[in-house]
Amino acid sequence: MTATVAKANDNDVCSSLARSVSDVVQAMRTLLIHVTNWARQLPEFIGLGPASTQADVLRQTWMDLVTAFVAMQHEDQAAVEGSDKPKRISLGPQLALDRDCHFSTELGRVVGRLINEVVMPLRRLQLTEVDMACVRGLLLLCP
């Protein structure tokens, strides 16, 4: 099996589905840069001390921060028929991963678990963007 990547038009949340693992790797690089730039804007993060300390904190928390970002990018995405559960997750404005990944069955399982164990519980909480900013701050500063 391989993973499915889809392209969307300008009105869609994502313009394409990932077609390969390299697409996912590139999207993760972009997300890591986004997370790093976001952290550098926080006075509390800068106040942690030298760059080596900040890098250590990011190494410890990057996966949770990226997961929180991806989990909140579920609006307006195709749902599984007969369910409000999203069929795909967004890795940014240009790329999405479908739970039925055709290029990697393991990646499809990860997407399915992310939807079931993170996206859906967060959706039930009906968190606002401000709420999620607080959650990301806690994830970063209280590893």
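1. Met 63 counts as exposed because its relative accessibility is 53%. The cut-offs are these: buried means under 20% relative accessible area, exposed over 50%, and partly exposed in between, with a 1.4 Å probe and protein chains only. Met 63 sits in helix 3, which spans residues 51-71. Helices (H or I, at least four residues) and strands (E, at least two) are DSSP runs, numbered from the N terminus.

2. Before going further, note that this is a predicted model, in which local features need pLDDT of at least 70 and side-chain atom pairs count only at pLDDT 80 or more, while totals for chains, interfaces and linings use all residues. Residues are numbered from 1 along each chain as its sequence is written, and side-chain values use heavy atoms, with hydrogens and water left out.

3. Met 63 belongs to a nonpolar patch on the surface, together with Leu 32 and Trp 62. The accessible area of these residues together is about 270 Å². Patches are made of residues with over 30% relative accessible area and no salt bridge; like charges are joined within 9 Å, and nonpolar side chains (Val, Leu, Ile, Met, Phe, Trp, Tyr) within 5 Å. Accessible areas come from the Shrake-Rupley method with a 1.4 Å probe, and for residues only the protein chains shown count as cover.

4. On the overall layout, the protein has 5 helices and 2 strands. Read from the N terminus on, the order of elements is α-α-α-β-β-α-α. The protein has 143 residues, and 38% of them are buried. Its accessible surface comes to about 8500 Å², with 55% of that belonging to carbon and sulfur atoms.

5. Contacts (heavy atoms within 4.5 Å) can also be sorted by sequence separation. Of the contacts in the protein with a separation of 6 or more, 60% are between residues 24 or more positions apart.

6. The interior comes next. In soluble globular proteins, nonpolar side chains tend to be buried together. Here the largest nonpolar core has 29 residues, and Val 70, Ile 89, Leu 91, Leu 97 and Leu 140 have the most contacts inside it. At least two residues of this core come from each of helix 1 (21-40), helix 3, strand 1 (88-92), strand 2 (95-98), helix 4 (105-125) and helix 5. Helix 3 supplies the largest share, 8 residues. A nonpolar core is a set of buried Ala, Val, Leu, Ile, Met, Phe, Trp, Tyr and Cys residues joined through side-chain atoms within 4.5 Å.

7. Leu 91 can be followed through its contacts. Leaving aside neighbours within four places in sequence, Leu 91 is in contact with Val 24, Ala 27, Leu 31, Val 70, Ala 96 and Leu 97.

8. Arg 136 lies in helix 5, residues 129-141, and is buried yet has no salt bridge. The nearest side chain of opposite charge, Glu 129, is 5.9 Å away. Lys and Arg count as positive and Asp and Glu as negative; His and the chain ends are not counted. Not counting residues up to four places away in sequence, Arg 136 touches Trp 38, Leu 65 and Ala 68.

9. How many salt bridges are there? The count comes to 2, where a salt bridge is a side-chain nitrogen of Lys or Arg within 4 Å of a carboxyl oxygen of Asp or Glu. In one, Asp 56 pairs with Arg 59, with the closest N and O atoms 2.5 Å apart. Both lie in helix 3, 3 residues apart, about one turn of the helix. Asp 56 is partly exposed because its relative accessibility is 38%, whereas Arg 59, at 57%, is exposed.

10. Arg 113 also forms a salt bridge, with Glu 117, and the closest N and O atoms are 3.0 Å apart. These two lie in helix 4, 4 residues apart, about one turn of the helix. Arg 113 has a relative accessible area of 52% and so is exposed; Glu 117, at 48%, is partly exposed.

11. Gln 126 is in the loop between helix 4 and helix 5. Its phi is near 55°, a positive value in a residue other than glycine. Gln 126 is exposed because its relative accessible area is 67%.
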